[in-house]
Amino acid sequence: MPLWLQALIWGTVGGAALVVGSAVSWTWRIPDRVVSTIMAFGAGVLIAALAFELVDEAAETGGLWPTAGGFLAGAVLFAGANLLLARRGAKHRKRSGEQQPNENEKPGSGTAIAVGALLDGIPESLVLGLGMVAAGSVSPAMLAAVFISNVPEGLSSSAGMKKAGRSAGYIFGVWGGIAILCGVASLLGFALLQGAPEELIAFITALAAGAILAMVADTMIPEAFEQHHILTGLTASFGFVIAFAIHTAGS
């Protein structure tokens, strides 16, 4: 199977976890405390993945300064985009409670939430394709981290969308479309950087990592802490250790 097709498939698989979480949330009412627990676990998984699979690898191949510059650039870009979307009604897009506005309360918030969800998912998928440029195959640890973290993201956000009165068509349309675009992002990450200098690959990899960390801090941890409180850190630590174990086993 050609590598470009593998990049497309694995990116779509990672994005499909959002649909899985959404389907669970739509079918059953998951207690808020369970949602926050799963979200804290997913946050820990992503933090470990970006530390060991992205930043460490970028620094080894491209050096300190491209990695540090890319990481900070990614965080700044995400924070700026997130601020704009928050003003349009997407501030609580990952919240499972009644924080999300409906269209009557905030016209255009549905579009903003959809764009925000896409903003959250693209960096994770991009690095799946980027990793294949150097390794020639997808990183099992990174793929597992993306899938494990996307399930609670889809679950929590869809619970909030449902409480805000959004339809099944809207919810599954958003996550299904994002799953497809995640595959495209992974494909582009692979196709556009074939033969690129190591410093550029490191910069873009770190940029994605910075965006992921900003996303975790701005959108996942607040939802995790809402109900979980003092156990948030412990649960996130379990997620971190699981992701680290997967990384170590695959090394």
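User: I'm taking a cavity to be, on a 1 Å grid over the protein atoms alone, a set of points where a 1.4 Å probe fits but cannot get out, with lining residues having an atom within 4 Å of a point. Which residues line the second largest cavity?

Analyst: The second largest cavity is lined by Ala48, Ala49, Phe52, Glu53, Ala141, Ala145, Ala243, Phe244, Ile246 and His247. Please keep in mind that this is a predicted model, in which local features need pLDDT of at least 70 and side-chain atom pairs count only at pLDDT 80 or more, while totals for chains, interfaces and linings use all residues. Residues are numbered from 1 along each chain as its sequence is written, and side-chain values use heavy atoms, with hydrogens and water left out.

User: OK, and how much space lies in that second largest cavity?

Analyst: About 30 Å³ of space lies in the second largest cavity, where a volume is the space filled by probe spheres set on grid points that are joined across faces, edges and corners. The structure holds two cavities of 30 Å³ or more. Helices H2, H5 and H8 each supply at least two residues of the lining of the second largest cavity; helices (H or I, at least four residues) and strands (E, at least two) are DSSP runs, numbered from the N terminus.

User: Which elements are in the chain, then?

Analyst: There are eight helices and zero strands in the chain, and 85% of the contacts between residues at least 6 apart in sequence join residues at least 24 apart, a contact being heavy atoms within 4.5 Å.

User: What is the mean pLDDT of the chain?

Analyst: The mean pLDDT is 85, with 89% of the residues reaching 70 or more; pLDDT is the predictor's confidence in each residue, from 0 to 100. Among the elements, helix H1 (residues 3-27) has the highest mean at 91, whereas helix H4 (residues 109-135) has the lowest at 79. Where pLDDT is low, the predicted coordinates should not be read in detail.

User: Switching to pockets: how much space lies in the largest one?

Analyst: The largest pocket holds about 590 Å³ of space, a pocket being an open set of points with protein on both sides within 12 Å along at least five of seven lines. Of its 27 lining residues, those closest to the centre are Glu53, Glu57, Gly131, Ala134 and Ala135. H4 gives the most to this lining, with seven residues, and H2, H4, H5, H7 and H8 (232-250) each supply at least two.

User: Which residues have the most contacts inside the largest nonpolar core?

Analyst: Those are Leu54, Met142, Val216 and Met220, in a core of 35 residues. A nonpolar core is a set of buried Ala, Val, Leu, Ile, Met, Phe, Trp, Tyr and Cys residues joined through side-chain atoms within 4.5 Å; buried means under 20% relative accessible area, exposed over 50% and partly exposed in between (1.4 Å probe, protein chains only). Helices H2 (32-62), H4, H5 (140-163) and H7 (198-228) each give two or more residues to this core, and its largest share, ten residues, comes from H7.

User: What is Met142 in contact with?

Analyst: Leaving aside its neighbours within four places in sequence, Met142 is in contact with Ala49, Glu53, Leu54, Val127 and Leu128. A second, separate core of nine residues includes Met161, Trp175, Ile178 and Cys182.

User: Is Pro152 buried or exposed?

Analyst: Pro152 counts as buried because its relative accessibility is 2%. Pro152 is found in helix H5 and touches Ile38, Met39 and Gly42, not counting residues up to four places away in sequence. Pro152 and Ala17 are 135 residues apart in sequence, yet 8.7 Å apart in space, C-alpha to C-alpha.

User: And where is Leu213?

Analyst: Leu213 sits in helix H7 and is classed as partly exposed because its relative accessible area is 30%. Leaving aside neighbours within four places in sequence, Leu213 is in contact with Ile47, Leu50 and Phe71. Leu213 and Ile47 are 166 residues apart in sequence, with 6.8 Å between their C-alpha atoms.

User: Last one: what is Gly62 in contact with?

Analyst: Gly62, in helix H2, is in contact with Glu198, Glu199 and Ala202 once its neighbours within four places in sequence are left aside. At 11% relative accessibility, Gly62 counts as buried.
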